Each structure stands twice: as C-alpha cells, then as structure tokens.
Amino acid sequence: DKAEELPSDSGGLFPRDVVYSNRAACFLKLGQHEKAAADAQSALEHNPQNVKALFRQGLALHALQQYTAALPLLAQAAQLEPKNKQIQQALQFCEVR
C-alpha cells in the first residue's frame with residue numbers, strides 16, 4: 001500500500017488525511033466502494049473533521065447499501081458545510097432510503 005509509504009504528517013507534502021481522502025475519491029469514481037470507505041475511514045482517523053472524507057465515506061457506504069451508517073456521516077458533513085449542495089443532495093437521497 002503506497003499510502004503507508006508516505007512520510008509522516010509533519011514532513012509530507014500533503015497531510016495524510018488529504019491523501020487518503022483524495023484516494024477515496026478515486027476509488028469512488030472507479031466503483032470500488034469498499035476501498036473508498038476504507039480510505040475515507042483512514043482519513044478520518046487522521047482528521048475527524050475532514051469534511052470531504054466524511055462525505056466520501058458516506059457516499060461509499062450508501063453505494064454499499066449501508067444506509068444507516070452513511071446517514072450520520074453525511075449529516076455531520078452537512079453540519080460542517082451547510083452550504084455545500086453536493087452534500088445536501090447526498091443527504092436528502094440517503095434520507096429517502
């Protein structure tokens with residue numbers, strides 16, 4: 001796993017949570033939802049307030065039909081960024097499920 005080979009947060013070009021969150025976005029686009037959820041979780045372990053990681057983990061869990069797990073993550077992301085339309089749409093879609 002190349003992400004584990006990155007320098008620590010203090011010496012890296014990008015914070016580790018950003019790297020994991022960005023890789024989660026890539027996995028989402030590839031339809032690899034399990035890997036996306038895992039990377040988003042890793043990002044959240046490094047930074048629990050990473051809105052993009054919360055959003056991406058919520059999307060991945062929703063795609064895996066884990067709606068009850070996705071909903072609080074999307075709600076937390078919406079609370080942190082209430083004007084983000086993508087998060088609001090995903091939250092509404094998840095609430096319908």
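Arg23 counts as partly exposed because its relative accessibility is 25%; partly exposed lies between buried, under 20% relative accessible area, and exposed, over 50%, with a 1.4 Å probe and protein chains only. This is a predicted model, where local features need pLDDT of at least 70 and side-chain atom pairs count only at pLDDT 80 or more, while totals for chains, interfaces and linings use all residues. Residues are numbered from 1 along each chain as its sequence is written, and side-chain values use heavy atoms, leaving out hydrogens and water.

Arg23 sits in helix α1, residues 16-30. Helices are DSSP runs of H or I, at least four residues, numbered from the N terminus. The side chain of Arg23 makes a polar contact with that of Asp39, at 2.4 Å. A polar contact is a pair of N or O atoms within 3.5 Å; within protein, one must be able to donate a hydrogen and the other to accept it, and residues adjacent in sequence count only if both atoms are side-chain atoms.

Now helix α5. Which residues of α5 are buried? They are Ile87, Ala90, Leu91 and Cys94. Seen down the axis of α5, these fall within an arc of 100 degrees, so they line one face of the helix; the arc is that of the directions from the helix axis to the C-beta atoms. The buried residues pack against α3 (51-63) and α4 (67-80), where contact means heavy atoms within 4.5 Å. On the other side of α5, Lys85, Gln89 and Val96 are exposed.

Last, the cysteines. Cys94 is buried, at 2%, and Cys26 is partly exposed, at 46%. The whole structure has zero disulfides, a disulfide being a pair of cysteine sulfur atoms within 2.5 Å.

How values were computed:
Helices (H or I, at least four residues) and strands (E, at least two) are DSSP runs, numbered from the N terminus.
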